[in-house]
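Please look over the sequence and the 3D structure below. A short briefing follows them.

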Protein chains: 2
Amino acid sequence: MKKKKRIAFQGCRGAYSESAAYYLFGEDIEVVPMNTFEEIYQGIETLSVDGGAIPIENSTAGSIYENYDLLYKWRHPIISEVLLQIEHCLCGNNGASIHSLKRVLSHPQGLAQCSNFFSAHPGIEKVAFYDTAGSAEEVSKRDNITDGAIASTYAAKLYGLSILKTNLENIKGVNFTRFYGIQKNPVGIPYNAEIKSAILFELANDGQAGSLYGALGAFAKREINLTRIESRPHPDKPWGYIFHISFIGSPESPKVIEALEELTRYTTFIYRLGSFAVGKTERLKYED
Amino acid sequence: MKKKKRIAFQGCRGAYSESAAYYLFGEDIEVVPMNTFEEIYQGIETLSVDGGAIPIENSTAGSIYENYDLLYKWRHPIISEVLLQIEHCLCGNNGASIHSLKRVLSHPQGLAQCSNFFSAHPGIEKVAFYDTAGSAEEVSKRDNITDGAIASTYAAKLYGLSILKTNLENIKGVNFTRFYGIQKNPVGIPYNAEIKSAILFELANDGQAGSLYGALGAFAKREINLTRIESRPHPDKPWGYIFHISFIGSPESPKVIEALEELTRYTTFIYRLGSFAVGKTERLKYED
């Protein structure tokens with residue numbers, strides 16, 4: 001029997017990142033929870049895991065900057081992308097109902113995103129917890145009908161909780177997280193899909209008028225669509241920046257080859273993090 | 001007697017932000033510590049304080065994104081800028097020496113920036129604390145010769161500690177924080193200084209090839225030097241972005257007037273946060 005790929009994610013079992021791992025690496029994997037993002041990269045480097053699922057950006061909270069810095073530091077190839085819709089449910093132990101709940105645990109962001117529910121139920125206390133999936137685990141341990149959690153439906157099932165209400169969030173359909181799949185070695189570029197490429201570079205004349213403009217021009221002149229631009233402090237140069245850019249295009253297409261060639265005029269170095277199929281928007285998977 | 005201006009900063013007395021406040025608003029102020037950044041903006045809005053000192057970027061740790069988001073939300077004018085050199089000292093109570101210390105408290109970043117000291121003194125334990133200035137206050141309260149702190153020389157003096165070693169950081173002269181002074185009403189543009197302007201905007205065709213390139217071109221074509229570009233999630237539009245740009249130039253100069261006029265072609269709105277003298281690099285002030 002083929003050994004399952006071991007895919008690391010940050011958080012405890014039932015985290016949104018765990019669900020992303022299945023989309024990024026397929027169903028036939030063993031998921032490995034890690035305490036920190038850096039442990040994922042270390043695990044890949046030392047081959048203690050076969051890959052990792054890392055959140056890179058949330059539609060409402062913004063970039064997960066730590067992962068930009070770790071991609072620069074470790075340079076593990078990006079092989080896949082997915083956009084996961086974040087949907088919160090209210091869950092509790094067997095026998096619990098909205099009327100029996102006295103307090104509800106979740107990550108402060110989860111509580112904030114469901115504030116309308118608490119306004120409508122002033123008798124229920126909000127309790128901040130370090131993690132959404134962790135709050136479901138905690139409620140399961142407490143094994144009473146007075147404590148509930150706001151977490152994913154997947155986390156609820158995993159910890160044996162009943163779902164009391166789905167889509168508890170104030171506004172539906174606005175909260176998405178974009179994840180990358182990373183591993184030790186690059187893979188071939190998918191041939192039957194729209195391709196996104198991610199690169200990073202340092203500008204040659206940082207701080208000079210128009211140097212970033214020149215760099216972006218290499219893409220704009222060829223109508224290559226930039227999907228994201230982000231800059232992070234250069235770890236070794238005060239006020240220096242590492243730019244991260246992603247764009248639609250395969251590194252084998254003539255216009256991308258030309259653009260990257262032109263980009264070398266404006267940069268001290270360019271590093272290609274990966275080319276992969278543009279991520280689809282997916283909803284959370286769980287077994288009924 | 002003229003009433004002193006009350007200037008808010010985030011942190012406890014002795015924080016680097018407190019020192020920045022004196023450069024941003026002058027020596028004749030009363031400093032007001034706040035628990036959170038947002039309280040500073042609220043205080044300015046309700047006139048319970050006359051201004052605030054906010055960190056916007058650190059040369060090694062990067063942008064302080066929360067303040068970008070709060071500048072967008074509250075739109076308080078930026079009236080001044082300073083770049084403060086972050087220098088850490090080792091301090092302890094009267095009678096303490098490097099040899100009497102058993103543990104040293106500081107913010108995890110302060111501890112990390114002084115890791116060489118701990119390598120050279122393996123008998124001294126690193127203790128993570130929520131705040132650098134707070135660690136000096138805590139050591140002062142403990143009033144023993146076994147506990148030290150890593151904080152600014154200003155914090156050491158403020159809490160009555162002796163400075164055991166200055167510039168404890170591994171690498172000197174690489175750690176700077178850029179601060180803005182904000183208040184309720186705009187002020188006139190200084191006439192005898194180089195001027196920086198800060199604006200924010202939303203692109204009209206977010207996600208279209210070359211829309212950001214077009215926006216930056218309005219500046220590049222006129223050789224206006226962009227000093228910083230940052231993008232943050234639009235609070236009301238999933239995957240939408242608010243761009244923050246700062247550049248060298250007075251809003252009264254013809255080329256800046258032209259550039260901002262051209263920029264309107266690529267944006268749904270532009271907001272001018274302020275024009276102010278380019279910040280000088282300063283070292284920490286304290287009274288001997």
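Predicted model: local features only at pLDDT ≥ 70, side-chain atom pairs only at ≥ 80, totals over all residues.

Residues are numbered from 1 along each chain as its sequence is written, while chains are lettered from A and ligands numbered from 1 in the order in which they are written. Chain A can be laid on chain B with an RMSD of 0.0 Å. The largest nonpolar core has 156 residues.

**Two copies**
- The superposition is by least squares on the C-alpha atoms of residues with pLDDT of at least 70 in both copies.
- The two copies are therefore related as by a two-fold rotation axis.
- In chain A, the C-alpha of Y213(A) is nearest the axis, at 3.2 Å.

**Contact between the chains**
- Chain A gives 24 residues to the contact, and chain B gives 24 residues. Two residues are in contact if their C-beta atoms, placed from the backbone, lie within 7 Å.
- On the side of chain A that touches chain B, helix 8 (211-220) and strand 13 (226-233) each supply at least two residues. Helices (H or I, at least four residues) and strands (E, at least two) are DSSP runs, numbered from the N terminus.
- That side of chain A divides into 15 nonpolar, 7 polar and 2 charged residues. Here Ala, Val, Leu, Ile, Met, Phe, Trp, Tyr, Cys and Pro count as nonpolar, Asp, Glu, Lys and Arg as charged, and the others, Gly among them, as polar.
- The same surface serves both copies, as 100% of the contact residues of chain A recur in chain B.
- P238(A) lies in the loop between strand 13 and strand 14 (241-248) of chain A. P238(A) touches S59(B), T60(B), V174(B) and F176(B), leaving aside residues up to four places away in sequence.

**Sheet in chain B**
- Five strands form an open sheet in the order 8-7-9-6-10, with mixed pairing. Two strands pair if DSSP finds at least two bridges between them.
- Strand 8 (125-128) and strand 10 (162-165) are the edge strands, and each pairs on one side only.
- Strand 7 (residues 103-106) and strand 8 of chain B run parallel, joined by 4 bridges. L105(B) has V127(B) as its bridge partner in strand 8.
- Helix 6 (residues 132-142) of chain B packs on the sheet and touches strand 6 (89-92), strand 7 and strand 9 (147-151).

**Core and burial**
- A136(A) and A136(B) have the most contacts inside the largest nonpolar core. Such a core is a set of buried Ala, Val, Leu, Ile, Met, Phe, Trp, Tyr and Cys residues joined through C-beta atoms within 7 Å.
- A residue is buried if 20 or more other C-beta atoms, placed from the backbone, lie within 10 Å of its own, exposed if 12 or fewer, and partly exposed in between.
- A136(B) touches residues including C91(B), A149(B) and Y159(B).
- Helix 1 (residues 16-25) of chain B is mostly covered, with 9 of its 10 residues buried.

**Positive phi**
- E223(A), in the loop between helix 8 and strand 13 of chain A, has a phi near 55 degrees. E223(A) has 12 other C-beta atoms within 10 Å, so it is exposed.
- D143(B), in the loop between helix 6 and strand 9 of chain B, has a phi near 50 degrees.

Definitions and conventions. Axes fitted to C-alpha atoms, helices over the stretch in contact; angles between N-to-C directions.
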